[in-house]
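Here is a short briefing on one protein model. Look it over first, then read on by topic.

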Amino acid sequence: MKKFLSILTLLLCFSIFKAQQAEVTSVKYEALEKRIQEEKNKFLVVNFWSTTCAPCVKELPHFMEINNKYADNPKFKMILVSLDRLVDKERVIKFINTKNLTAEIILLDDIKRMNTWIPRFEKDWDGNIPVTLFYNNGEKVFFNNGEMSREELETTIEKYMKL
């Protein structure tokens with residue numbers, strides 16, 4: 001019986017650990033662009049961030065509050081685009097679990113072509129992060145360059161989300 005309980009406990013711990021591991025898809029710019037286009041019938045918040053960016057890390061709890069607030073709204077979607085290096089993917093996964101990030105997370109493995117894809121997202125983006133883009137029904141409606149407070153994030157969503 002002790003052996004059975006030990007095995008059961010071990011399996012349970014493994015299952016819990018496995019369930020806590022975040023899924024992070026690594027993509028190139030074209031796949032991210034396609035992913036954004038797939039959300040045409042939604043209000044989409046796309047935030048570019050990194051685990052090594054202090055303002056990014058500071059604003060993420062606000063993004064999670066808003067993401068959780070709209071979790072039951074099928075017309076709302078948030079995507080967090082990590083600009084961490086692909087070799088740091090495990091660190092990103094650990095960060096996601098530690099910070100309990102609930103939005104979809106994509107690792108953009110396309111740093112070498114930043115000068116190509118940054119202006120395609122926003123001509124006024126100088127490459128610094130955090131940056132947040134807002135899309136309504138497939139059309140970009142707002143670009144925020146820099147950290148956002150919870151109030152700024154919520155106000156922007158309320159202003160532009162017309163579903």
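Buried means under 20% relative accessible area, exposed means over 50%, and partly exposed lies in between (1.4 Å probe, protein chains only). By that cut-off, both Cys-53 and Cys-56 are buried. This is a predicted model: local features need pLDDT of at least 70, side-chain atom pairs count only at pLDDT 80 or more, and totals for chains, interfaces and linings use all residues. Residues are numbered from 1 along each chain as its sequence is written, and side-chain values use heavy atoms, with hydrogens and water left out.

**The disulfide**

- A search of the whole structure turns up 1 disulfide (a pair of cysteine sulfur atoms within 2.5 Å).
- Cys-53 and Cys-56 form it, with their sulfur atoms 2.3 Å apart.
- The link of Cys-53 and Cys-56 is right-handed, with 75° about the S-S bond.
- A disulfide is a covalent bond between the sulfur atoms of two cysteines.

**The sheet**

- An open sheet is built from 6 strands in the order 1-4-3-2-5-6, and its pairing is mixed.
- Two strands pair if DSSP finds at least two bridges between them. Strands (E, at least two residues) and helices (H or I, at least four) are DSSP runs, numbered from the N terminus.
- Strand 1 (25-27) and strand 6 are the edge strands, and each pairs on one side only.
- From one strand to the next, the twist averages 25°. Axes are lines fitted to C-alpha atoms, for helices over the stretch in contact, and angles run from 0 to 180 degrees between N-to-C directions.
- Strand 3 and strand 4 pair in the parallel sense over 4 bridges. Ser-82 has Leu-107 as its bridge partner in strand 4.
- Helix 2 packs on the sheet, touching strand 1, strand 2, strand 3, strand 4 and strand 5. Its direction makes about 155° with that of strand 4. Contact means heavy atoms within 4.5 Å.
- Helix 6 also packs on the sheet, touching strand 2, strand 3, strand 5 and strand 6. The direction of helix 6 makes about 20° with that of strand 5.

**Strand 2**

- Is strand 2 mostly covered or uncovered? It is mostly covered, with 7 of its 7 residues buried.
- On one side sit Phe-43, Val-45, Asn-47 and Trp-49, and on the other Leu-44, Val-46 and Phe-48.
- Strand 2 and strand 3 run parallel, joined by 7 bridges. Val-46 stands opposite Ile-79 in strand 3.

**The cores**

- The largest nonpolar core has 28 residues. Such a core is a set of buried Ala, Val, Leu, Ile, Met, Phe, Trp, Tyr and Cys residues joined through side-chain atoms within 4.5 Å.
- Phe-76, Met-78, Leu-80, Leu-101 and Ile-157 have the most contacts inside this core.
- Helix 3 gives the most to this core, with 5 residues.
- Apart from this core lies another, of 20 residues, among them Val-27, Ile-36, Val-81 and Leu-133.

**Helix 5**

- Which residues of helix 5 (residues 114-121) are buried? They are Trp-117, Ile-118 and Phe-121.
- These residues lie on the same side of helix 5, because they cover an arc of only 105° around the axis. The arc is that of the directions from the helix axis to the C-beta atoms.
- Exposed Asn-115 and Arg-120 are on the face of helix 5 turned away from its buried side.
- The buried residues of helix 5 pack against several elements, including helix 2 (29-37) and strand 5 (131-136).
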